[in-house]
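This briefing summarises selected features of the structure shown below.

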Amino acid sequence: RENPLVLGIETSCDETGIGIVRGTTLLANVIASSMDEHARYGGVVPEVAARAHLEELVPAIEAAVAESGIALSDLDAIAVTSGPGLAGALMVGVGAAKALALALDKPIYAVNHLVGHVGADVLRLDDRADSDSVPLDTVPLEAVPLDTVPLEYPTIALLVSGGHTSLLLVRDLTSDVELLGETIDDAAGEAFDKVARILGMPYPGGPHIDAAAATGDPRAIRFPRGLSRPKDMAQHRYDFSFSGLKTSVARWVEHREDEGVPVPVNDVAASFREAVVDILLTKAVAACHDYGVPRLLLGGGVIANARLRQVAIERTDAAGITLRIPPLSLCTDNGAMIAALGAQLIMNGHAPSTLDFGADSTLPV
Ligand code: KG4
Ligand code: ZN
């Protein structure tokens, strides 16, 4: 089937995402986040996220339908994230997708959230591209325009958000995605949030660290690069660890405070950020080398980090690797990427899911 019209539903974490695509063309990308509600708890509260999805889903579907100008009856299929993610949050999206598929008598595709992040990259943006749901102008974005370079396989994908830090080898989006490694403790975004808290910044802390780091010295403090020493690289070449780094920052700050010496917040932020960026890109570029894959794709909310984008550009340039960074509205969790993956599955002749699938919080790629 050529250019199927697909509605995608994403509820794996705190974003209620509804996207509509026609083939590889993005028609609507509506994102409602419950982040404000989680902020006072300093982290995403699963029950709060699930309840927010229940409240946001129908208005988000209505908004996406209006934005795209389609009628629900025109849809060729529904796609939904069935995992991995927060169980209760996923269940709301899966339930809604099944209800919609049954009511409209449409096929349904259950898809993997991580593969969905890669799926975002096939999208071409029409004039509605800049979804107003994410304030794109708040971060310096040197995004590669998606339609100038088509996504080529194989590609290495580095996905970094508050919930995951994963390195994937994508030989084919719909049939051959291999998880090379992932975090063994905190996700990269989680590390940013925890260090921000240590430094007295509000949640989510990533943007605050990023801003403070801009005027700090990244070489002021040499924080440890988890799992990056030669011995670790032999055993955990593609795995990530950020909890030791976080602890090291906490100790450094405590030590200063105990001595009554002022904490150079901007230097700590810059040095911490440098360590995270170094770890992420060392491993991603190593994977490109090891597999002879001269392509790297970035995804996830941490991609908003200015230094990560800058170093990614520098290191891939130096290594002759083609770098792709989708616009931020497609990097953070969204429904468009799920719809895009659904459309790819249809265009590649994959059968729809049977209705007996459920939410799977630990769904493998
Ligand atoms: O993909 P995302 O929007 O959602 C979830 O993970 O659910 O990612 C959010 C994460 C948070 O941990 C946030 O602190 C982090 O991305 N983040 C950043 C930046 N902007 C957001 N981390 C570092 N630098 C940033 N500029
Ligand atoms: Zn995600």
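At roughly what angle do the axes of helix 2 and helix 3 cross? In this predicted model, the axes of helix 2 (residues 46-68) and helix 3 (residues 87-104) cross at roughly 20° and come within 7 Å.

**Helix 2 and helix 3**
- Angles under 35 degrees count as roughly parallel, and helix 2 and helix 3 are therefore roughly parallel to each other.
- Their crossing is right-handed.
- On the helix 2 side, the contact is formed by Pro46, Glu47, Ala49, Ala50, His53, Leu54 and Leu57; these meet Gly88, Ala89, Val92, Gly93 and Ala96 of helix 3.
- By class, this contact has eight nonpolar, three polar and one charged residues.

**Annotated domain**
- An unreviewed UniProt entry carries the annotation "domain: Gcp-like" for residues 26-124 and 150-339.

**Annotated binding site**
- The unreviewed UniProt entry assigns the annotation "binding site" to His113, His117 and Asp333.
- These residues are spread over 221 residues of sequence, yet they cluster in space, with a largest C-alpha distance of 8.7 Å.
- Histidine 113 lies in helix 4 (residues 113-119) and is buried, with 26 other C-beta atoms within 10 Å.
- Not counting residues up to four places away in sequence, histidine 113 touches Ser12, Thr81, Gly83, Pro84 and Gly85.
- Histidine 117 is also placed in helix 4; because 31 C-beta neighbours lie inside 10 Å, histidine 117 counts as buried.
- With residues up to four places away in sequence set aside, histidine 117 touches Leu159, Gly299, Gly300 and Met337.

**Helix 5**
- Ten of the eleven residues of helix 5 (residues 188-198) are buried, so this helix is largely enclosed by the rest of the structure.
- Among the buried residues of helix 5 are Glu190, Phe192, Asp193 and Lys194.
- The buried residues of helix 5 pack against strand 7 (155-160), strand 8 (165-172), helix 6 (206-213), helix 8 (243-259) and helix 9 (265-290).
- Glycine 200, which follows helix 5, has a positive phi near 75°.

**Cysteine 331**
- Cysteine 331 belongs to helix 11 (residues 328-331) and counts as buried, with 26 C-beta neighbours inside 10 Å.
- Leaving aside neighbours within four places in sequence, cysteine 331 contacts Gly299, Gly300, Gly301, Ile303 and Pro326.
- Cysteine 331 and glycine 83 are 248 residues apart along the chain, and their C-alpha atoms are separated by 17 Å.

Definitions and conventions: Residues numbered from 1 in each chain as written. Chains lettered and ligands numbered in written order. Predicted model: local features only at pLDDT ≥ 70, side-chain atom pairs only at ≥ 80, totals over all residues. Axes fitted to C-alpha atoms, helices over the stretch in contact; angles between N-to-C directions. Helix = DSSP H or I, 4+ residues; strand = E, 2+ residues; numbered from the N terminus. Parallel < 35°, antiparallel > 145°, perpendicular 65-115°, else oblique. Left-handed = near helix turned anticlockwise from the far one by under 90°. Contact = placed C-beta atoms within 7 Å. Nonpolar A, V, L, I, M, F, W, Y, C, P; charged D, E, K, R; others polar. UniProt positions renumbered as here; feature names shortened; annotations may be inferred. Buried ≥ 20, exposed ≤ 12 C-beta atoms within 10 Å, placed from the backbone.
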